[in-house]
Amino acid sequence: MVSLRFPFLFSQPKRPCTISNATTSRSFSAATVVACSFAAGAAAFSGIAAAQKITNPKRSFLQNALDFLLPNHSSLPWGSLSLADTSSTVVESKTGMSFPSVVSESQRLLGIGLRRKSVLGLKNIDVYAFGVYADNDEVKKVLGQKYGKLSISELKENEGFKEDLMEGDICMTVRLQIVYSKLSIRSVRSAFEESVGSRLQKFGGPDNKELLRRFASQFKDEYKIPKGSVIELSKDRGHVLRTRIDGKEVGSIQSKLLCRSILDLYMGEDPFDRQAKEEIESKLASFLQQ
Ligand SMILES: CCCCCCCCCCCC(=O)O
């Protein structure tokens, strides 16, 4: 089966292209021809890919299409251009949830994933899609000296690098977008108690009940979280975890242990979505190569 796990669909860039008057009409027609050719090629590619199973499941649809249409594109001058960098949102294909490619002005999307949960051991439900973000300049500044000489594959094997990413004073954001329409704030609270509670115990021992209570109590009964609601967990400078629901700040807690525990859910040893974790690590490793 052809598996395109995250065939990222790119929405139209919000900013119009700025083209100087003198070149407008030629640039437009050249760009139109290139765009149309690529669209036709991509359409042809979809059919052929489905029939011949030629896609690489680790690459997005557009990346696969580009590999197919321009086999040597990586050696061309624009080979290092990331398709994701040019769009303003990225869509997680299974849930249709759309993620901004940048949050807090400079934190870039590293990867997206899906949190599934089993209900009464009977069936798995898609609870939320998530995106993890960090600022590439900041990652380079904090970890460049220690790890800058390693290749991407060396970094991906390097446990110290992964630990330092989660432990370092690096601003990061985890954005949860609710998919399950029958979610109550009570179930959010108790899911956090279970998942964050197990990590607090793992990294900090059993004496962290008060920290867990403070964190979970931010999710007050009065908040509603219908499908499409956004819960943002941002790790700010000084290991401050700031929580927002639909853009409204509901609390902040300064705790390195809590920040580490939250990141561990998405990037740690036993993450909710292993493929997303790998995407996130690859992207972070690539920041050190830029
Ligand atoms: C019926 C399933 C209820 C699950 C609710 C999870 C809501 C958000 C919890 C976030 C932390 C986690 O994913 O464990």
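Is arginine 242 buried, partly exposed or exposed, and what is its relative accessibility? In this predicted model, arginine 242 counts as partly exposed, because its relative accessibility is 21%. The points below cover salt bridges, a helix crossing and a surface patch.

**Salt bridges**
- A search of the whole structure finds 21 salt bridges.
- Arginine 242 pairs with glutamate 249 in a salt bridge, with the closest N and O atoms 3.2 Å apart; glutamate 249 is partly exposed, at 39% relative accessibility.
- Salt bridges with shared partners join Glu163, Glu167, Arg199, Lys202, Lys256, Arg260, Asp264 and Glu269 into one network.
- Aspartate 164 and lysine 146 form a salt bridge through their side chains (2.8 Å, N to O). Aspartate 164 belongs to helix α5 (residues 159–167) and lysine 146 to helix α3 (residues 136–147), so this pair ties together parts 18 residues apart in sequence. Lysine 146 is exposed, at 59% relative accessibility.
- A salt bridge also links the side chains of lysine 162 and glutamate 281 (3.7 Å, N to O). Lysine 162 is in helix α5 and glutamate 281 in helix α9 (residues 274–287), so parts 119 residues apart in sequence are tied together. Both lysine 162 and glutamate 281 are buried.

**Helix crossing**
- Helix α6 (residues 185–204) and helix α7 (residues 209–216) have axes that come within 10 Å and cross at roughly 145°. Residues making the contact include Phe192 and Leu200 of α6, and Leu212 and Phe215 of α7.
- The crossing of α6 and α7 is right-handed.

**Surface patch**
- Val119, Leu120 and Leu122 form a nonpolar surface patch, together with about 360 Å² of accessible area.
- Leucine 122 lies in the loop between β5 (107–119) and β6 (123–134), and leucine 122 is exposed, with a relative accessible area of 73%.

Technical notes. Residues numbered from 1 in each chain as written. Predicted model: local features only at pLDDT ≥ 70, side-chain atom pairs only at ≥ 80, totals over all residues. Heavy atoms only, no water. Patch = residues over 30% accessible without salt bridge, like charges linked within 9 Å, V, L, I, M, F, W, Y side chains within 5 Å. Areas by Shrake-Rupley, 256 points an atom, 1.4 Å probe, with all protein chains shown as cover. Salt bridge = Lys/Arg side-chain N within 4 Å of Asp/Glu carboxyl O. Helix = DSSP H or I, 4+ residues; strand = E, 2+ residues; numbered from the N terminus. Buried < 20%, exposed > 50% of the residue type's maximum accessible area, 1.4 Å probe, protein only. Axes fitted to C-alpha atoms, helices over the stretch in contact; angles between N-to-C directions. Left-handed = near helix turned anticlockwise from the far one by under 90°. Contact = heavy atoms within 4.5 Å.
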